[in-house]
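Take a look at the model below.

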Amino acid sequence: MTDDYANPWAYRLKWAYMLLLVTTLMSPVIYVMYISFNANGFGARAYDFTWEWYRLVFSDELLLNALRWTFSLAIVVTLITVPFAVLAAKYYKTAQNKLPVVFLLLAPLFVPPDILGSALLVYFKSLNSSFIWLGDQLGTAAFDGWFRLSFFTATVGLIIYTIPYAFIVVLITMGRYRTEQTEAARACGADGWRAFWDIEFPQIRAGVFSACSFCIILCFNEYTRTSLLKGGFDTFTTVLISQMLNTGMSPQSYAMSSMVAFTAIAIIGSIIIFTLIRSESLTRTARAKAEPIMSS
């Protein structure tokens, strides 16, 4: 949709600038995809197209195990973070003093990842030592390993990392929602859950799905916090970076990276397309309702 009074060349220049910006930002990802189809691997002068590396991905147990752990982290973090973000956004809209809420939720964005990861590492190490000492005093080993570096500690670090992004995305979508609709539903006899699920959620659904996508993508991309807080397992990024620093990435790693990138682009693209189609449909419906009814 364009404004009838806007300069069409200005509109085209804006789109050209946006496409140029996206292409510039995505060029490293596109280059990795390009390499993943080369039979001769990275740095080779000759380029021979092949699907072989994608077939070999499923025989690389190191990558597959790392992908399983990363996917498990992403699912658990998303299931915890997104509901918290929705509740936080709802509380923010009704809070009298909004500044403390915003400060607490957005504070992790302003702490460098290595500092935050190191602080959490020291915290969990100290907490684990305290619980071991408590178990020794009580003569039991039941408290040993409660806060040892593990899947749990990595999950906590990723939740702290992803909550600000999920909160912002949900809050932006929720900004268009009017609380009077919830009040009207409650006045008609609906309880709090039915009012949220039937009235509010359909209007903020795009933001919730976008927050889920952000959480999953951030979990796949995160390295610093995860490498400091994980236990005896490897994630996708830790495997790739360790290969890059030591032996160099294998062709299967390029193929797996491309598969993850393809999936992320498909998810984000689907959400954008769905949002645009939904917005256009709602606009047409609103225009149709606004038109005067012609008498027959």
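In this predicted model, the lining of the largest pocket splits into 26 nonpolar, 6 polar and 1 charged residues. Here Ala, Val, Leu, Ile, Met, Phe, Trp, Tyr, Cys and Pro count as nonpolar, Asp, Glu, Lys and Arg as charged, and the others, Gly among them, as polar. A pocket is an open set of points on a 1 Å grid over the protein atoms alone, where a 1.4 Å probe fits, with protein on both sides within 12 Å along at least five of seven lines; lining residues have an atom within 4 Å of a point.

V29, N221, V260, A261 and A264 lie nearest the centre of the largest pocket. Helix α11 (251-290) is among the elements that give two or more residues to this lining. The largest share, 13 residues, comes from α11. Helices are DSSP runs (H or I, at least four residues), numbered from the N terminus.

Now the second largest pocket. T173, R176, Q203, A206 and R278 lie nearest its centre. Elements giving two or more residues to its lining are α6 (151-174), α8 and α11. The most, 9 residues, comes from α8. This lining has 9 nonpolar, 6 polar and 4 charged residues.

| Pocket | Volume | Lining |
|---|---|---|
| Largest pocket | About 990 Å³ | 33 residues |
| Second largest pocket | About 520 Å³ | 19 residues |

A volume is the space filled by probe spheres set on the points, and grid points are joined across faces, edges and corners.

Residues are numbered from 1 along each chain as its sequence is written. Local features need pLDDT of at least 70, side-chain atom pairs count only at pLDDT 80 or more, totals for chains, interfaces and linings use all residues, and side-chain values use heavy atoms, without hydrogens and water.
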